[in-house]
Amino acid sequence: MKLASLKAGRDGRLVVVSNDLAWFADAGQIAPTLQAALDDWGRCEPLLRGLAESLEHGATTSERFHEHEAASPLPRAYQWADGSAYVNHVDLVRRARGASLPESFWTDPLMYQGGSDGFLGPRDPIPLADEAWGCDLEGEVAVITGDVPQGVTPQAALDCIRLVMLVNDVSLRGLIPDELAKGFGFFQSKPASAFSPVAVTPDSLGPAWRDGRLHGPLEVELNGALLGQPDAGIDMTFDFGRLIAHAAKTRSLCAGTIIGSGTVSNRGEGGSPGKPIAEGGVGYSCLAEQRSVEAIAHGAPRTPFLRFGDRVRIEMRDGRRHSVFGAIEQEVTRV
């Protein structure tokens with residue numbers, strides 16, 4: 001089952017989307033918004049699945065689905081917590097600046113709590129006031145949970161996952177060092193993120209969803225050129241069960257909580273830094289990682305961060321090259 005929120009008010013209008021992303025059926029008679037459906041999932045899920053089946057068989061009223069009319073599946077959420085499950089990414093960024101990686105990073109997930117009072121739509125521009133802030137894209141995977149009890153085990157946490165989607169977790173790299181130096185974490189350096197046009201139930205992903213991970217190449221493009229296509233199921237040190245359990249160690253999580261994977265990242269051969277696409281590698285899901293590899297190899301980064309007018313596209317396709325979640329496609333615009 002695939003769900004989306006068409007732009008309407010602050011919380012969107014819930015619709016069910018066909019598997020091929022071509023059609024939608026209004027779900028307002030079941031729940032007005034995705035958050036309302038998540039709050040009453042036991043009642044709403046079977047009704048939404050029934051509507052989805054009717055849509056696939058052409059047995060209900062439908063309209064064409066246009067991704068540019070979609071907001072992020074949850075246009076705003078009670079909670080957005082982003083992990084860093086691909087420790088290879090953290091290792092590369094730290095190595096590039098001469099910092100070692102603590103051993104605990106391999107056993108205890110990193111996580112920050114981001115702003116969730118308003119997300120960008122998947123085709124909305126990325127607003128930027130100053131190119132010197134070092135605007136970066138970050139291609140990630142995220143899940144939306146139901147209610148999660150405090151102290152949940154990683155295995156039980158997997159049963160709390162309701163939906164899976166993609167993320168562009170925008171970062172302002174030039175602002176991060178000063179914020180981290182204060183010892184209080186990210187704030188200004190993490191502006192609004194954008195999520196894929198549709199969110200998908202794990203069972204609808206078939207074999208691509210297993211072991212608490214989404215498997216398959218995450219295609220990240222910059223200005224029409226492929227920046228990276230790392231496999232999201234490879235080198236993910238902490239699966240989503242571990243990430244959710246980490247977030248719920250000292251608190252319960254309410255339905256509608258979004259948990260992110262962090263930047264998808266694959267190692268190179270023999271554990272070496274991954275190669276760019278042009279050199280036969282799988283490339284990168286963010287510019288910071290490419291710049292880090294350049295710094296390790298050449299002594300300094302060569303790739304600039306995003307500039308006004310740059311266009312970013314993030315998408316995942318199935319084995320038949322059909323888009324699974326729709327595409328995040330954004331242009332960097334001057335505020």
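Strand β10 (residues 139-145) pairs with strand β19 (residues 257-260) in the antiparallel sense over three bridges, strands being DSSP runs of E of at least two residues, numbered from the N terminus, and pairing requiring at least two DSSP bridges. Within this pair, A142 lies opposite G260 of β19. β10 is also joined to strand β11 (residues 161-168) by seven bridges, again antiparallel, with V143 opposite V164. The model is predicted: local features need pLDDT of at least 70 and side-chain atom pairs pLDDT 80 or more, whereas totals for chains, interfaces and linings use all residues. Residues are numbered from 1 along each chain as its sequence is written, and side-chain values use heavy atoms, with hydrogens and water left out.

In a regular strand, side chains alternate between the two sheet faces. In β10, G139, V141, V143 and T145 on one side and E140, A142 and I144 on the other are all buried (buried, under 20% relative accessible area; exposed, over 50%; partly exposed, in between; 1.4 Å probe, protein chains only).

A search of the whole structure returned zero disulfides, defined as pairs of cysteine sulfur atoms within 2.5 Å. For C44, the nearest cysteine sulfur, that of C254, is 16 Å away; C44 is buried because its relative accessibility is 0%. C254 is likewise in no disulfide, the nearest cysteine sulfur, that of C160, being 12 Å away. With a relative accessible area of 31%, C254 is partly exposed.

Note on methods:
Helices (H or I, at least four residues) and strands (E, at least two) are DSSP runs, numbered from the N terminus.
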